[in-house]
Amino acid sequence: MKRNADTRIDQASASTLGERADVYSYPQFRPCSKWVGISPKEGIKLYTPSSANSSLTRNNITQEQIACPSKRSSCGRRRGSLVSIEVLRPLNHKRIGAELTIHYQFFDTLFGEMMAASTHRGVCFAQYFAKRSTALTALNAFFPQATVVASSSQHLVALQQYLQNQLLPESKVKLHLIATPFQLNVWQALLKIPLGQLATYSDIAEMIGQPKSARAVGSAIGKNPIALIIPCHRVIKANGDLGQYRWGKARKAAIINWEATHSSGAWRGEPCWSSAP
């Protein structure tokens, strides 16, 4: 997407955009246009470094806003309060998952197929992969001592319900994550960035009270195991560049564009979300 924004995006065909973005395939354009409210081509036009930088300037989240919830929108407060994080212990990698049963499912989303998994205490893994076999290998490596089974759970149902109503979610999502104290602070700060707004790595460092830790913040964000729910996609570079995203820069641009289009809360429609067999 950035490649198109940096060249002549207005001349790119729909099929070319689909091929380059690796997020949408051409047959998906029509239903996804109905869901998003604009065509993929129009959506990609929203992303340029200058437009991202403008959004960042207008919507900069400060430490004062985090400390004073009244200065944030009620929707932003409500979304954050619906997601809770509990740390999965021990942190010793060789023992991670010992005596745990991990339930997993695959879901189709507008931004690609997601694998989500949960323990008995919450969602522990929700990521995008090009191949299901790769996803399963990654999950087993993430929890080397766990028993991994393909089945649903109450936490996976809650996750799906949350994402089905992503603009005005009702379901509470419990997360059960492997995290250091620093990573936990960073991920909790990400939950406070409202839908449709952006922050920089330095902003997050300020939020957690460690203004000189922007580089470490970037590392913690890169290790976020929960796509979409913990919105690491809302963090970009100070110059307006999207920065890195473990699930692909094109996907990050697509998510940011979707949220920018619908952040007013006026849109109501049918989400392109279903349980994959």
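Helices, taken as DSSP runs of H or I with at least four residues, are numbered from the N terminus, and in this predicted model one of them, α13, spans residues 249-262 and includes His262.

**Figure 1. Overview of the predicted protein chain.** The model shown is a predicted one, and its protein chain contains 13 helices and nine strands. Of the 277 residues in the chain, 49% count as buried, while the chain exposes about 13,200 Å², of which carbon and sulfur atoms supply 50%. Among the contacts in the chain with a separation of 6 or more, 69% are accounted for by residues 24 or more positions apart.

Figure 2. His262 lies in α13, which covers residues 249-262, and with a relative accessibility of 1% His262 counts as buried, since the cut-off for burial is under 20% relative accessible area.

**Figure 3. Close-up of helix α12 and its buried residues.** Helix α12 comprises residues 214-222, and its buried residues are Val217, Ala220 and Ile221. When α12 is seen down its axis, these buried residues fall within an arc of 100 degrees, and they therefore line one face of the helix. The elements against which the buried residues of α12 pack are α10 (181-190), α11 (201-207) and β8 (235-236).

**Figure 4. Close-up of the packing between helices α10 and α12.** Two packed helices are described by the angle between their axes and by the distance between the axes. For α10 and α12 the angle is about 80 degrees and the axes are 9 Å apart; because angles of 65 to 115 degrees count as roughly perpendicular, α10 and α12 are described as roughly perpendicular to each other. On the α10 side the contact is made by Phe182, Gln183, Val186, Trp187 and Leu190, and on the α12 side by Ala216, Val217, Ala220 and Ile221. The residues of this contact divide into eight nonpolar, one polar and no charged. The buried residues of α10 are Gln183, Leu184, Val186, Trp187, Ala189 and Leu190, and the elements they pack against are β1 (83-87), β6, α11, α12 and β8.

Figure 5. Leu177 belongs to strand β6, which runs over residues 173-177, and Leu177 is buried, with a relative accessible area of 0%. Once neighbours within four places in sequence are left aside, the residues in contact with Leu177 are Ile85, Glu86, Val87, Leu88, Val123, Cys124, Trp187, Pro225, Ile226 and Ile230. One of these, Pro225, is 48 residues from Leu177 in sequence and 8.0 Å from Leu177 in space, C-alpha to C-alpha.

Figure 6. Leu228 is placed in the loop that lies between α12 and β8, and at 6% relative accessibility Leu228 counts as buried. Although Leu228 is not a glycine, its phi is positive, at about 70 degrees.

Figure 7. Leaving aside neighbours within four places in sequence, Ser153 is in contact with His103 and Ser118.

Conventions: Residues numbered from 1 in each chain as written. Predicted model: local features only at pLDDT ≥ 70, side-chain atom pairs only at ≥ 80, totals over all residues. Heavy atoms only, no water. Buried < 20%, exposed > 50% of the residue type's maximum accessible area, 1.4 Å probe, protein only. Helix = DSSP H or I, 4+ residues; strand = E, 2+ residues; numbered from the N terminus. Arc of directions from axis to C-beta. Contact = heavy atoms within 4.5 Å. Axes fitted to C-alpha atoms, helices over the stretch in contact; angles between N-to-C directions. Parallel < 35°, antiparallel > 145°, perpendicular 65-115°, else oblique. Nonpolar A, V, L, I, M, F, W, Y, C, P; charged D, E, K, R; others polar. Areas by Shrake-Rupley, 256 points an atom, 1.4 Å probe, with all protein chains shown as cover.
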